[in-house]
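Please look over the points below with the model open.

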Amino acid sequence: MDQGNNRNQNRNAGKRDAYGSNRREDRPQARRREDGHDRDSRRSFDGGERRDRYARSEGDRGRDGRSFDGRSGEKKAERRFDGRPDGKKFEGRERRQQPGRSGHGGLSARDVALRALRSVARDNAYAAQALDRELSGARLSDEDRRLVSSLFYFALENRLHIEHVLAARLKTRPEPEVMDILILAAAQILFMDRIPDHAAVDEAVKQTRRAHREGLTSLVNGVLRSLIRDRDAGELQLSDRDVDPEAYLSEKYSIAPELVRRLVAAYGVEGTEEIAAWSPERHADTIRPNRLRMTDAEFEGWLSRNGFAWERAKVPGAYKVSGAGRIAAHEGFRKGLFSIQGQSSMLAAYAVGAKPGMQVLDACAAPGGKTCLIAEMMMGTGRIYAWDLHAHRVELIRAAARRLDLDNIRAQVRDATKPMESMELAMDAVLVDAPCSGLGVMGDKPDIKYRLTGEAIDALLPVQQDILSACAACVKPGGVLVYSTCTLLPEENERQVEAFLRLHPEFAPDANDKWLPEELRTRFKGGCIQILPGRDGLEGFFIARMRRKADSYGR
């Protein structure tokens with residue numbers, strides 16, 4: 001018996017990805033933020049219709065002066081799995097059901113994950129929206145719910161990679177329902193150490209049978225067992241990196257070939273791989289205190305008293321925290337003591353340089369994370385105007401302002417591509433956090449990697465230009481204009497700024513870099529900084545700071 005156990009342990013301990021690196025533990029690359037209100041660094045277009053991780057209504061796309069990802073502000077499902085998929089009992093709990101087995105709702109964790117995956121693949125649903133919908137209708141234990149999230153996101157993050165290795169073991173591609181079952185099982189086999197291979201195979205066969213595809217159970221069993229054998233033998237092959245590096249990067253990191261081509265053109269093969277390989281920190285959320293309630297020192301004491309494990313993050317005023325459960329459900333969050341917000345998102349707000357008494361426009365504001373930080377920087381004085389095209393999105397801004405008790409925010413339904421004559425030359429500062437392709441936050445939005453098309457990126461460029469030009473008219477002489485995106489492509493970033501400055505000689509790059517952490521200031525050139533995931537350890541962001549010349553009173 002001990003020998004058998006040792007063989008099983010050795011087999012599972014030897015689970016590596018097909019290319020020699022240690023496989024990750026059974027949790028996805030990053031925990032999904034549970035609150036969308038302030039985690040607004042993930043504002044982008046994912047090529048289908050919307051995002052997180054994600055949720056927006058059918059008309060929320062297009063020239064609306066905001067991100068195409070349509071963050072709804074809904075709470076997001078966690079991606080962490082802390083349960084035990086080995087069938088052992090969970091001590092100290094009334095319910096001692098094996099994770100992954102059917103709950104009272106009749107569906108197993110794998111069934112729920114499969115339904116969510118199917119919704120994304122076939123119905124073009126957004127990841128968090130699909131997952132939240134399926135979890136809300138399932139009666140599962142907390143362990144099973146975390147398992148669902150892990151299964152779903154591992155399959156989603158690695159879909160193109162998995163399809164590539166499965167294709168070598170399939171004579172023809174099976175129907176979509178069976179292909180999704182294979183993809184979910186392969187994600188467990190290739191990327192999830194704590195799920196035994198036999199369990200992944202057996203459950204996939206059962207799912208095939210429950211889908212009334214009895215005749216394909218032998219195919220599913222054979223393909224998955226072949227995958228296990230070839231993985232253990234080191235025979236899962238990708239394209240040769242030296243011969244075709246773009247194909248290799250696409251296959252290994254599940255990024256569409258067109259996106260790889262554009263990234264390689266901008267950053268080279270090595271730089272693109274560094275970007276693709278980076279993943280957000282898995283065990284921590286980034287939060288910041290409400291500046292009107294607490295100083296940093298007071299907040300640190302509050303964190304310690306309330307059981308948080310915390311450390312100061314790279315960006316001043318940001319803290320990485322863990323150990324306090326679901327962060328968006330914490331009483332301190334509900335009372336407005338802190339916000340959940342990415343560090344690069346905070347930097348875009350810092351670039352505005354807001355001071356008490358100023359008049360500021362946040363042109364693409366929903367759901368309000370940057371708006372609220374700017375309002376706090378103004379110490380509740382002055383006025384910040386926050387625009388979004390859709391009324392329900394504007395309500396998210398208002399809700400965030402109410403939670404934080406910020407009275408100096410005026411949220412308004414407004415198309416940011418249209419000039420507003422009543423505000424012309426009236427604002428001390430304008431922030432344009434433009435709709436973008438979102439390639440800087442692929443770690444948080446895995447489905448964007450294969451949904452986004454070159455055509456979709458190209459369609460964004462005139463929208464960005466129109467918003468920037470229309471909103472620049474609101475900047476008073478001597479005032480600041482900030483343009484930011486959460487993407488990495490020069491055509492959406494540096495080239496947009498260069499084109500704007502050619503057309504608007506009344507503006508010039510602003511060299512003030514005091515809003516940046518000292519270690520990033522060397523990357524700030526010509527009034528611009530491109531933050532790269534991997535290299536800089538933050539979400540990928542572009543921020544440009546410009547200033548209207550003091551003697552300029554028109555376009």
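Over the ring of which residue does the charged end of Lys-252 sit?

1. The charged end of Lys-252 is placed over the ring of Tyr-253, 5.6 Å from its centre. A charge sits over a ring if NZ of Lys or CZ of Arg is within 6 Å of the ring centre and within 35 degrees of the ring normal. Arg-403 lies over the face of Phe-333, at 3.8 Å from the ring centre.

2. On provenance: this is a predicted model, where local features need pLDDT of at least 70 and side-chain atom pairs count only at pLDDT 80 or more, while totals for chains, interfaces and linings use all residues. Residues are numbered from 1 along each chain as its sequence is written, and side-chain values use heavy atoms, with hydrogens and water left out.

3. Rings of Phe, Tyr and Trp (its six-membered ring) pair if their centres lie within 6.5 Å; planes under 30 degrees apart count as stacked, over 60 as edge-to-face and the rest as tilted. By this rule there are twelve aromatic pairs. Phe-299 and Tyr-319 form an edge-to-face pair, 5.4 Å centre to centre with 70° between the planes. Phe-299 belongs to helix H11 (residues 296-305) and Tyr-319 to strand E3 (residues 319-322), so the pair ties together parts 20 residues apart in sequence. Helices (H or I, at least four residues) and strands (E, at least two) are DSSP runs, numbered from the N terminus.

4. Trp-302 is in helix H11 and Phe-338 in strand E4 (residues 338-340), so parts 36 residues apart in sequence are tied together. Relative accessible area is 10% for Trp-302 and 0% for Phe-338. Ring pairs link a cluster that includes Phe-299, Trp-302, Tyr-319, Phe-333 and Phe-338.

5. Helix H3 (residues 127-136) has seven of its ten residues buried, among them Leu-131, Asp-132 and Leu-135. The buried residues of H3 pack against helix H2 (109-123) and H4.

6. Leu-151, Phe-154 and Ala-155 in H4 meet Ile-183, Leu-184, Ala-187, Gln-188 and Phe-191 in H6; contact means heavy atoms within 4.5 Å. The residues of this contact divide into seven nonpolar, one polar and no charged (Ala, Val, Leu, Ile, Met, Phe, Trp, Tyr, Cys and Pro count as nonpolar, Asp, Glu, Lys and Arg as charged, and the others, Gly among them, as polar).

Notes. Buried < 20%, exposed > 50% of the residue type's maximum accessible area, 1.4 Å probe, protein only.
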